[in-house]
Amino acid sequence: MAVHAAFLASTILLLCGMGPCLAAAHSPSGVECVLFNEEYMTCMWGSRETLTANYSLYYWYENRSPVMECKHYLQDQGVSIGCYFNQSEIIQFQPFRVLINASLGSRTLKFLSKPMELQDLVKPEAPVNLTIRNMSSNQLQLTWTSPYPKAQCLEHAVKYKSNKDTNWMEHQVKGDIFSFPSVDYEKYYTFYVRSKINSYCGRTQLWSEWSVPVVWGSNSTSKGSSHGHPRRAIDVPTPLLWRCAGQGSMSPQLFPGTAEEQLHWFWIHTVLIPIASCLLLLVLVVLLVRMERVWVILMPRIPNPSKNFDELFITHNGNFQEWAGVPKDVVESFRPNYSENICYVSELPPKDSCEPLWESGNYSPSVMPGTPAAPCEHSPYKNSYVGL
Amino acid sequence: MERMIIFCMLFFCSSMALTAAPYKIVKYKQLHKTITLLQNTVKDQDVELLHTPENPVDECLFTAVACFQKGTLKLQPENSKVNSTFNQAITVLKKFTLRDSGKQCESSCESYEKKKPKEFLKSFEKLIQKVIRHTRAEGY
């Protein structure tokens, strides 16, 4: 009985011991997933100190994909503490859920996460290529570039301190440039920058790591100098204004240089060129209206030949010969000086070998020897005349 | 005269075209601001529930935006004090258009679940965030 009791007690104790152990293995915070620069993602559910069980992770996108198991576990001394997802396994703007199975011996506990929106868990990489330029009037300009591909989605924070200050000053910046107003050349400044996805692209509070620092000024111990790159090497530092307006056919890579140059260029394109072309148009119109010569050259008159014939129609009243200058005797010669009667003409009948009776009797026709003469009874010649 | 003027107008317009950049991102950002503003001024209780597209696929973006615009017409201000802000915001939302990709969308507006106005606006905000995310710097 005592053995039984002892056995029971020890079993209970063992189970009780295992229970919290298993429960503790299920770290209280749950799963934390972070997308690093939208290139890969890690989901961690604890650390080596708190976990002792065998873990396996299953994930899916709601209404979008079947349940899949993690292909690449992150291990720490033999215990899985996280899962690695590569870019092809990540879909943003779809609810993402994770199920973790913790097994210790024969017991298995399941933990189901809430639906996660992956676009709210992006942690961009720290900015690089921090450069300081010395502007006129004691002003410093800090520029940088970010390895995150979509610059319109980022906001930045700049942290700086001089060697004489005790506290860090932090400023929020929307573009890729920070202007430091009044620099003291006796002091030695250090600048850091970090980035975050802004509210236009997601609802995250994850800042990136602080960048590599950049320094400026002179130290009492060392001659500090700006990590100045030459001007041309800057890659796309543009103020928001420029990005808003100058994105037509011009890519920023065509115009390396400082933000000031690019701002200048922007003003030329949006303001100067339209005004210049308006003025040109105005000048041309004025020229056209005022200068008759220019007008005539551009718009020549349609020739009107009626002027040449004014004389003919007005002075000489349509008399072509008078206008043409034909001499008077030639004109007269064409006019007829006789009168003509109408002359009737009719057809002669064929001859019937008969002698016609001559009425006028002017002469008697000689009788040809050998031809028999026969009188013609009717002569068609009676009433017709031939002659002038 | 007409020829000359037409030629000059063409020249002028072509120079303007160079400078007129696609302000798409600025437009989308303005829309996002408007939606955030609206979330604070809209009435959430005792109002009609609205069809809310959730995480639409790329083919359905245009349909989803149209659906959201239809729903905004039924929104009401919380109280009379915020009337002017509310009306201004609604006007901006009505004017917004997204370029139709032409792809076929399988779900219609009525197929989406109905939700309260604040949830509706949150989903709209998410949609615009997605659009801004996927807009390249040179335009859409």
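Which residue in β12(A) is the bridge partner of Met135(A)? In this predicted model, that partner is Gln139(A).

Residues are numbered from 1 along each chain as its sequence is written, chains are lettered from A in the order in which they are written, and side-chain values use heavy atoms, leaving out hydrogens and water. Because the model is predicted, local features need pLDDT of at least 70 and side-chain atom pairs count only at pLDDT 80 or more, while totals for chains, interfaces and linings use all residues.

**Confidence**

The mean pLDDT (the predictor's confidence in each residue, from 0 to 100) of chain A is 75, and 70% of its residues reach 70 or more. Helices (H or I, at least four residues) and strands (E, at least two) are DSSP runs, numbered from the N terminus.

| Chain A element | Mean pLDDT |
|---|---|
| Helix α2 (residues 240-245), lowest | 38 |
| Strand β16 (residues 188-197), highest | 93 |

Two strands pair if DSSP finds at least two bridges between them; β11(A) and β12(A) have six.

**The core**

The largest nonpolar core has 54 residues. Such a core is a set of buried (under 20% relative accessible area, 1.4 Å probe, protein chains only) Ala, Val, Leu, Ile, Met, Phe, Trp, Tyr and Cys residues joined through side-chain atoms within 4.5 Å. Helix α5 (residues 117-133) of chain B gives the most to this core, with seven residues.

Key: Buried < 20%, exposed > 50% of the residue type's maximum accessible area, 1.4 Å probe, protein only.
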